[in-house]
Amino acid sequence: MSRHIIPLIILTLIALPLGCSDSTAPTPLPPAPAVLAVSPATGAPGTAVRIAGADLEGLAAADLSLSIGGQPALLRLQGTDIIAAIPMVLGTAAGSATPLTGTVDIELMANDRLIGEAAAALTITAPPAAPGAATSVSDDLGMVVANLDRFVSALEAEPSPEAGYLSSWLGALKEIFTADHTYSLPTLLSDLGNTDPEALATIESVFASSGLQDQTQRLAAYSATLADEAEALALNAEKTTNLLDYQLALRMQFYVVLRDFGADVIADTNQTWSNTVGLVGGVIGIGGVSIPAAGFISAVLSLADFAINKVALGYFPAHITSFEIALANPLVVPGDVPQTELWLDASNQPVAIGVQDFIDLLLLGLGQATDGSAPQTFRDFLTNTADWYLGIVRTLMGAYSNAHPELNMDIDVGSIPPMTWRTQVTSDRFAALSTLTPDIINPVDNILAWRAEMDASGEGRIFARPASGPAVTSLPMPPGYVYNAGAFGDDIVSTPTVSVFVGNQLVLDASMSSSISAGGTNGLGVRAGYRDALGNVTWAEGIQIQCDADGGTVDPVNGVTDTDGRFDTFVMLDDGSSSVTVTVTATGDFGMQQTQSLTANRNDELTIDLSFPTTIEPGVPTSLNVTVTSTGSVDDIELDIDGGCAYIEVDSATLGASGGSFQTNVTLEEDCNSVFIEVSAYSGDGDKAFASASVEATRPNAVNIVERSSWVDAQTAFYYGDPVDDETRWEFNQSNNHGVTHFGDFEFVRTANGSGTAEGMDGSGSCFVRGTSNITLSGQEFSGASYSAEGEGSASLSNPHSGRYGLSASSGNHLDLEFVVWGTEPASFTISHVTPGGGFIETWVELDGESFDEEEEIEICFENGAPCDPTNKKQGPVKLLYDAAGRLIGATGTLPPGEYTFEVHAGGYLRFSDSSGYPSQGSSSYDFSATASLSISGAK
């Protein structure tokens, strides 16, 4: 609101209560013009000046007109001030001008009303001579374009649409300042110098006095520094739409700096690039109905300004479109750091860039109307220049697109496509973290993270914003320019506030059996509580529990934990379902949730029934019937025979989905007592079930004789060593023996006699033995055996000499009997043994063998009326029998099923010899009479 309107409102409010109904209010007087301040107070034509003091509220530049020394001057609004250029008085020749000089007045009009004035406020000095200024400006601008191309090449090292668009625009700009073409700046300057040197001198004077020449030099130097910095950083962005935070920050900061060259304050002159170009161009271009040649130069400069400051910037990220915190888990325990990420999206600010857009913008920049009042020759020039420039852009875009077809570039030069960029902000240089709840959670120094307070509990509210100020950028700054924008350009936007709930961590522990039977029920146990920062868990009451089942049902399906943190329920499997999965969700403080899934697979019910006799005859095929039933399909049925004591016709089978039956034959081997058969099967559905069944069959209880062998032997012998050659010489050696393997009874008698004289020695010997053995059978079974033996022998030797010699007589009888106890029950046995006689005799009885089941050795042995071995192994209840003199004469006990041997031996022996341990001569004799018997009462 105008400051002159306020008093009028106050006066009106005062006057209303005092007025009459038929009175007429007086018309208020307009406010007096403001006194304007001008800075600087001295300058040559073309110099930009700042005008302050006018009330510009509600006014646009189109509402204003300015005169300096009675001549119209172009103006721009800059905040509450006006920027204008000191005008020139044009001469009659095209492009010539008569500069204003001396002290002049300034007047400012708003819609034909004077709103500000300053008498004798500005002293205009003669424009300086500045030969070569225009060429310098042209060369410097060409250098700016080349340096921008270097900067973009470093920024966009990889092929990308952005790189293609920017290189095309910069390539076309290069033609403006370097090409030998009708519409290029060097050609226009050369033509003007040839046709109107005075006009060229005027332009060069304005370029110098306005500061344009100095600004282009500074801009060229700065652009070179900027390009060197980018190349030193060696930015290798993969694709420009997905960048690291510093890569996106650099692009957005460059956008601000380059834009400020065209729209903000530069150095100490308080001039702006666009104001300078536009106002100076306007100064040169004003006058008459025709546009002087100088106007063409201004048009080309304005086109370059537009291409750099509007079009090129349109391919850079200009605005933040979103800035947000991604929170992995809104719940955090006291003292912990929640896992957060900062994500930022940015977009460009495209402008229209068609031919007509160029023409209208250039006309406005030169102070000409866009309604067609500008001279046609000038409009034709603008159209041709814009067509030529855009044609170059189109050609360069087409070449880049053809070289990189994978980019699918849009080569429409009439518009800049909308572009977006995205990055995760990871450096605290680019973002500042804040909290609205410092008693609960606070930012951590030097990193992008928040930490919950150790004693906190409740809802914490956090947010972030881009960092700002000179420290956020590593770009070199132009002289006199201070970067005060943000890390990501001008937008200093805060992220949405995010809630973090601080409290002890919710803990859920659910358990259930991993298998379940069809139609069965499993118990599901749930426990919930909270874990503190030290890892200690406290089970808590009142935590909500929700159960969701797939493939079954849960009852009850929800509830709360008890004082011990427990919630128990039951899980049922649906009919036809092979498994049930239960998802348990616990909800605690602050809406914290934990979930856990448990699965129980159907445990198929699988049974195997076997039909087989418990007693089988060896060598006879016996039928085995197998029946398998299952709630699922059945496969992998296998039959196994333990110990290899039988053979089977079918050792595996595959049945149908619900099982079935099959039959096979099992044959027990002749030398085996029993067979162990195991049948196993698997189900193919659900939790695969396994089942097995076994049967054992034995032979009938029986005792069978396997083999019996006997032998008798009688022998006499007399030998000596020949003193000549020490060869052994036999005087006599008579042996009479007999051995037989048999099952029947036998009786044999054997004798041996001999006598003779050798080397002066007289010797004789004789022996005799009789042996009998009988077996007892009960039907086909062995029930016992008896044994008797008698024998005698005598020998004499006289006149022994000192050489080697020997004379002996011996006789004996031996029985070896093998039998088997079959079946399951033990057999009773009794051994009796009597051995009377005299002389050197040897008798022993032994019963030994192994049981089938435990393969345990069994041994009962006694020799000459005493145990063969003091350790005397026994099996089962065995009783040893002794006579009145304490001689061991027998034993009684039981024998488990197994294989056994009964052995009896009786014999006598005597010898004369030169060897130690035997008599050297004399007469001796022996006689023996021995009986032994084994009684087997059969298995019982």
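How many helices and strands does the secondary structure of the chain come to? The count is 11 helices and 54 strands, where helices (H or I, at least four residues) and strands (E, at least two) are DSSP runs numbered from the N terminus. This is a predicted model, in which local features need pLDDT of at least 70 and side-chain atom pairs count only at pLDDT 80 or more, while totals for chains, interfaces and linings use all residues. Residues are numbered from 1 along each chain as its sequence is written, and side-chain values use heavy atoms, with hydrogens and water left out.

Let us start with the whole chain. Of its 940 residues, 48% count as buried, meaning under 20% relative accessible area with a 1.4 Å probe, protein chains only. Among contacts (heavy atoms within 4.5 Å) with a separation of 6 or more, 69% are between residues 24 or more positions apart.

Now find Leu-200 in helix 5, which covers residues 197–209. Leu-200 has a relative accessible area of 16%, so it is buried. Leaving aside residues up to four places away in sequence, Leu-200 touches Ala-134, Leu-189, Leu-192 and Gly-193. Gly-132 is 68 residues from Leu-200 in sequence, yet their C-alpha atoms are 9.5 Å apart.

Next, move along to Thr-622, in strand 33 (residues 622–630). With a relative accessible area of 13%, Thr-622 is buried too. A polar atom of the Thr-622 side chain lies 3.2 Å from the backbone oxygen of Val-620. Beyond residues up to four places away in sequence, Thr-622 touches Phe-612, Pro-613 and Ile-616, as well as Thr-664, Asn-665 and Val-666.

Definitions and conventions. Buried means under 20% relative accessible area, exposed over 50%, partly exposed in between (1.4 Å probe, protein chains only). A polar contact is a pair of N or O atoms within 3.5 Å; within protein, one must be able to donate a hydrogen and the other to accept it, and residues adjacent in sequence count only if both atoms are side-chain atoms.
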